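Here is a short briefing to read alongside your model. Keep the sequence and the 3D view open as you go.

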There are 2 protein chains.
Amino acid sequence: MLTPEKPRRKSAHDRLMQAAMSLFYDHGITGTGIDAIVERAGVAKKSLYNNFSSKADLVNQYLEARHAEWLGLYDKRVATANNPRERILAVFDAYQDHAEFAYERGFRGCGLLNAAAELEAGDTGRAAVRRHKEQVESILAQHLGDLLPNDPDRAKSLAEHIAFLLEGAMARAGLEGNSKRLLAARAVVRNMVEGL
Amino acid sequence: MLTPEKPRRKSAHDRLMQAAMSLFYDHGITGTGIDAIVERAGVAKKSLYNNFSSKADLVNQYLEARHAEWLGLYDKRVATANNPRERILAVFDAYQDHAEFAYERGFRGCGLLNAAAELEAGDTGRAAVRRHKEQVESILAQHLGDLLPNDPDRAKSLAEHIAFLLEGAMARAGLEGNSKRLLAARAVVRNMVEGL
DNA sequence: TAAAATAGGTATACCGGTCTGGCTACTTGG
DNA sequence: CCAAGTAGCCAGACCGGTATACCTATTTTA
């Protein structure tokens, strides 16, 4: 049995990113040191600096990975939705999936927003988080445009409204350590779009 | 002219708290060191540990002070409101006042929520932030109860809805560095309560 | 084909600097 | 006189980041 192309161990890069995903989310970015990351990854410190140019670089790649992670969950959810209303709710479901499965040590809200909260004003990471939130709002606007083809202004305004509900519910859910508030917001939105 | 009760210089406690308010908001809690606080306050490090038992104690008092600060702004706004609808909007106006006047180095969203984002899961500070958010929601519920005396369930549900809008708009506003989103949420809420 | 070069991993030690917190010794105002 | 302030040093841990040296696959080349 020749298995020539099977690395039995993940690359240092992957192990480091996995460790960063967990530690940055649980303890924050400033609260997580390089040493803790390499220890969790089971990797030499040199390997971190072979794969990332600095901690800031690792943080930026972490933010991109979180964004991609949510996009993947959303893509799965939206694939099984049959109309614009369900596709809007798919946005909430994707965050719900995030909340339920992605975190081992308890739910703490949106990792991207939490990260942005402790980044300095001019940090490029803040812009990445902002792009993510704008993409979510733009996805909502697109589905609402399908639902209200004759009233694009109202579609845009409703997208902002729903984005606020989503963000606010996530924030409260993170504070409370569970996703009940997220479910409440989803129910509000279901009622909102029902009448469109 | 005897001016026996006029300390020409604020107490070390007040100067420390003022420095903490500014630095914790701008650079985060973990990102702000003791030395930076005492330097900004123009105070000896010993004075910090005379007035606060630890940095965690200072952080907790900081969170309480921020809560009290918002309550003061809200009290001012609600005093000039003439009906439940205006009193609901006063909640938004208080946050707007916060955004416009309280921060010298740029708006970064809700200081309490930002702080909670970087506190560990079990930290008592997170509970303080949660109490603040629950009080805001309870204020909204009270005014909506005045507006809908025959439908307490709907009042409660609307209070949660509006609290989400407020929180989500604050989060987005903080990301974007200005309070436009807060104004947008206020407008949405004004329309919502208009028809009640 | 066999030797050499390369890429990426490992482990350990170290750098200057900052962290929280405690300490001494001196000064000042009521 | 004394409480509360001052300046500054120190300990021990941790910060991000670098340096050195070794190991082991794979790949290139003579």
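How far apart do the C-alpha centres of domain 1 of chain A and domain 2 of chain A lie? They lie 25 Å apart. This is a predicted model, in which local features need pLDDT of at least 70, side-chain atom pairs count only at pLDDT 80 or more, and totals for chains, interfaces and linings use all residues. Residues are numbered from 1 along each chain as its sequence is written, chains are lettered from A and ligands numbered from 1 in the order in which they are written, and side-chain values use heavy atoms, leaving out hydrogens and water.

**Domains of chain A**
- Domain 1 covers 10–52 and domain 2 covers 54–194; such bounds come from an automatic or database domain assignment.
- In contact (heavy atoms within 4.5 Å) are 20 residues of domain 1 of chain A and 21 residues of domain 2 of chain A.

**Chain B against chain A**
- Here 37 residues of chain B are in contact with 37 residues of chain A.
- About 3300 Å² is buried between chain B and chain A, with carbon and sulfur atoms giving 57%; buried area is the accessible area (1.4 Å probe) that two parts lose on being put together, summed over both.
- Phe164(B), Arg172(B) and Leu175(B) supply 22% of the area that chain B buries against chain A, more than any other three residues.
- The rule finds six salt bridges across this interface.
- Glu137(B) forms a salt bridge with Arg172(A), with the closest N and O atoms 3.0 Å apart.

Note on methods:
A salt bridge is a side-chain nitrogen of Lys or Arg within 4 Å of a carboxyl oxygen of Asp or Glu.
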